[in-house]
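Colleague: I am new to reading protein structures. Could you take me through this one, feature by feature?
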Amino acid sequence: MTMQSVETSTGGGEIRAYLKAHMRDYGLLLALIAIMVFFQLVTGGTLMRPVNITNLFLQNSYIIIMALGMLIVIVSGNIDLSVGSVMGFVGAFAAVMIVELHMPVSLTIAASLLMGAAIGAAQGYWIAYWKIPSFIVTLAGMLVFRGASLWLLDGQSVGPFPPSFQLMSTGFIPDIVPDTLSQPLAAIFGLVKINVLCMGFGIAASVALVWMGLRARAREAAYGIVGEPVNFFWLRTLVVIGAILFLCFKLATFRGLPNVFISMGLLTVLYAFVTQNTTIGRRIYALGGNEKAAKLSGIKTERLTFLAFVNMGVLAAFAGLIFAARLNTATPKGGYGLELDVIAAVFIGGASASGGTGKVIGAVVGAFIMGVMNNGMSIMGIGIDYQQMIKGLVLLSAVIFDVYNKRKQA
Amino acid sequence: MTTILEMRDITKEFPGVKALDRVNLSVAKGEIHAICGENGAGKSTLMKVLSGVYPAGSYDGEIHYDGDLAQFRTLNDSEARGIVIIHQELALIPQLSIAENIFLGNERARNGVIDWNETYRRTEELLRKVGLRESPGTIVDTIGVGKQQLVEIAKALSKDVKLLILDEPTAALQENDSRKLLDLMLELKAQGVTSIIISHKLNEVRYVADTVTVIRDGTTVSRLDAKGLSEDKIVHDMVGRDMSNRYPERIPAPGETVLEVRDWSVWHPDQAERKVIDAVSFHVRAGEVVGIAGLMGSGRTELAMSLFGRSWGRNISGEALLHGKPVDLSTVSGAIAAGMAYVTEDRKHLGLILEESIRFNTTLSNLKGVSAGGVLNEGEETRVAERYRAQMATRTPSVMQKVGNLSGGNQQKVVLAKWLFTEPEVLILDEPTRGIDVGAKYEIYTIINALAAQGKAVIMISSEMPELLGMCDRIYVMNEGAFVGELAAAEASQERIMSLIVTE
């Protein structure tokens, strides 16, 4: 780290100007790191133990998956309060199908995702084509699907699920290298065991990140766009790579890559790409930025709003499956209040409540900030009362920081 | 004559920019004083200094008002001394009624309970004074921008105003409404109210003003007696060069008919029995600039928007032919695909995504042109945005600049760039130079002429008749939803257009 910070100090005014404009992006990453370091210290190293790191991913996967959809909904200028209930309802739906009706797992998963899409479509229809405020429609949806879960489960918990279903959430990807080979390898580093696939994944992801970053810079330079200062690019990339390798190392010394880590990671990459690099992503930002102007520019704003909610429904359903699989049971209270965590994650991640701004990566980092705080405070034994107050204040500070920055720029 | 206001050596700096550099302004009691200058010259900043938006101490120089040194810290301080400023951007609450808006913060009330009779009576009085025929209970959102402007003025009059400052008061008004407003200023002058008017419309300045102060690049250029003053002299001082010809030359070379509209009728979206456009027929040829003249509320914007993807109105009937073949204009994307483009009169609310960059806005209507398989090519986007920036001489440090930070003229260039990138055959320009300064207007005119020269069919809607007369090959005259006349450039004049409207 010392070497890199020397590098940054050579840049001067150019870097300062860039940093000012991108304060939010870096601030968020730094906040996450600071929070992790803080809890690592106060929990006496428990936070970053391999088993806890693994748990962190398992516990927050469904929040992150829903945050991807929520980001799009919020960027489009709407909100979805129903996701917690929808998630719980779909979990219950899957439980009834598998446990009570003995349907095959693959069919259940497909039907559950379709159910999510249908719920999203049902809500999106009123919002997009009837212009009923999303706050109201999804508030109604929240009540309806909360009740529907209770009705479907008859007030009881339904479970357990067959192992093949549980794998979706609690499974790990088996190592490609047999133990007989990996154990001597681990011994070199003084470890009991190491998951070679997991480490290899971390290294491959790091290489891909550097390669993509360099390619993007080369392209920017070719078109004469003034982008991130070179020192900053390397500093940021090294920090991110460091974090990836560190996390993969931790995971590798426990049970390797959780299945849910892969689905979450793939979805994050996909949604980051769709929002930043595709025409449909661009149109969503235009819709949220100025709906009337977007419409007069030939953008089918109604259909786009509708699709944003369909997408949210599918992701909420997927999150519901993972959640049910993790608990190995569907309960009538499943997903209760989770919509607030998801919305908070997106706003901490820098999205604006008025629509038009926000990034997928921001929402994911926002979700991790919430997740690490939940986890860290629980390890410390802080009561749920204080936890909620602290989380509320963190959300408020993040938004105040945004508004303050914007004012300073104006 | 005594001086009511004397601003001496006002200097106001923002980080990196000197917005005002020792500006002097001296206004005599009871006169109408015009301030002229291009956009960005510092007129609005000067008024913000005067009204206390920029508090005393944040600028250098002295303000003497009504006999003593004024040190306003807030807008309320200046209002308490009878200075009322009406901004370019209206500050009305759209969901409240006219009466509620006029007395907002100044309610006719006893012990906090509003006296509605008194409120309505006073409102009616004020509305009569400004010549607005609307009920005091009318919701502001339901009346047009022009009428809203009159409500603003009525609101100013409801306070005990000594110095009335009007920032571009007629920018959104029609010829006859503007005239009414100017006459109203003269009437107020007779009652002893001093006014400052900031305006781009020099004929209006000449009509009302006693004295003219010209500001350019943050400094006072000249203080002129309005008597016998020529518009050319003002323009010369404003731009620092002679502008003998305000409309660039173009040799008309109309080709075949591109767009033909027959019996186009449109009904009001909310009021079922109101027919807003009544059997309008017209055509435009390639390389032709056709004007639509008419008063506000005559249905010009409604006609344009109903044609462009049925963006306005209900029960639209009639036929649109492109190159002689019927064309489906029922959706905006369909209209764009057919080769239509519509540059809206309200670029901030309907034309641009202000929070986004020039590049973002430029490519928005034709994302296909900068993407492959739905994936955007940002480099290509940059190239396109740069190309239009160069072509239109848009003044900006970078195409990544937020359009919200640009001046009106440059914003309009971005809107034009957006539509040119869709490669339209027919361009409908709705008030293309509204709120744009003289220099930028000329540039926009030049762009319009270049488009016509490329063979595009241009329809130009404007409330400024000299502009239509200076730019168009043919002018349709619209009144109350119908076309009441068609004039060739050679036979058109302001008088003939007005007489067509009036005799209908």
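Modeller: Start with how elements are named. With that, take residues 261-500 of chain B: the span is 35% helix and 28% strand. Its end C-alpha atoms lie 22 Å apart. Keep in mind that this is a predicted model.

Colleague: Which annotation covers residues 261-500 of chain B?

Modeller: The UniProt record, an unreviewed entry, gives "domain: ABC transporter". That annotation covers residues 5-242 of chain B as well.

Colleague: How many residues of chain A and chain B are in contact?

Modeller: 24 residues of chain A touch 33 residues of chain B. The two chains bury about 2,300 Å² between them, and 62% of that is on carbon and sulfur atoms. Tyr223(A), Arg282(A) and Leu296(A) supply 34% of the area that chain A buries against chain B, more than any other three residues.

Colleague: What about charges? How many salt bridges are there between chain A and chain B?

Modeller: First the general idea. Side chains of opposite charge can pair when their charged atoms come close. Between chain A and chain B the count is one salt bridge. Arg282(A) and Glu381(B) form it, at 2.7 Å from N to O.

Colleague: Which elements of chain A give two or more residues to the side that touches chain B?

Modeller: They are α12 (259-277), α13 (279-289) and α14 (291-296) of chain A. The largest share, six residues, comes from α13(A). By class, this side of chain A has nine nonpolar, nine polar and six charged residues.

Colleague: How many salt bridges are there over all chains?

Modeller: A search of the whole structure finds 35. One of them joins Lys159(B) and Glu79(B), with the closest N and O atoms 3.5 Å apart. Lys159(B) sits in the loop between α5 (145-158) and β9 (163-167) of chain B, and Glu79(B) in helix α2 (residues 75-80) of chain B, so the pair ties together parts that are 80 residues apart in sequence.

Colleague: What separates Lys233(B) and Asp237(B)?

Modeller: About one helical turn, because they are four residues apart in helix α8 (residues 231-239) of chain B.

Colleague: Is Asp237(B) buried or exposed?

Modeller: Buried means under 20% relative accessible area. Asp237(B) has 6%, so it counts as buried. Lys233(B) has 34%, so it is partly exposed.

Colleague: Which residues of chain A are linked in a network of salt bridges?

Modeller: Lys131(A), Glu291(A), Lys295(A) and Glu302(A).

Colleague: Now the backbone. What should I look for?

Modeller: Look for exceptions. Most residues other than glycine have a negative phi, and most peptide bonds are trans. Gly159(A) and Pro160(A) are joined by a cis peptide bond, with omega about -5°. Pro160(A) lies in the loop between α7 (134-153) and α8 (163-170) of chain A.

Colleague: Where is Asp263(B), and what is its phi?

Modeller: Asp263(B) is in strand β13 (residues 257-267) of chain B. Its phi is near 50°, a positive value in a residue other than glycine. His323(B) also has a positive phi, about 50°. His323(B) lies in the loop between β16 (314-322) and β17 (325-326) of chain B.

Conventions. Residues numbered from 1 in each chain as written. Chains lettered and ligands numbered in written order. Predicted model: local features only at pLDDT ≥ 70, side-chain atom pairs only at ≥ 80, totals over all residues. Heavy atoms only, no water. Contact = heavy atoms within 4.5 Å. Buried area = accessible area lost by both parts, 1.4 Å probe. Salt bridge = Lys/Arg side-chain N within 4 Å of Asp/Glu carboxyl O. Nonpolar A, V, L, I, M, F, W, Y, C, P; charged D, E, K, R; others polar. UniProt positions renumbered as here; feature names shortened; annotations may be inferred. Buried < 20%, exposed > 50% of the residue type's maximum accessible area, 1.4 Å probe, protein only.
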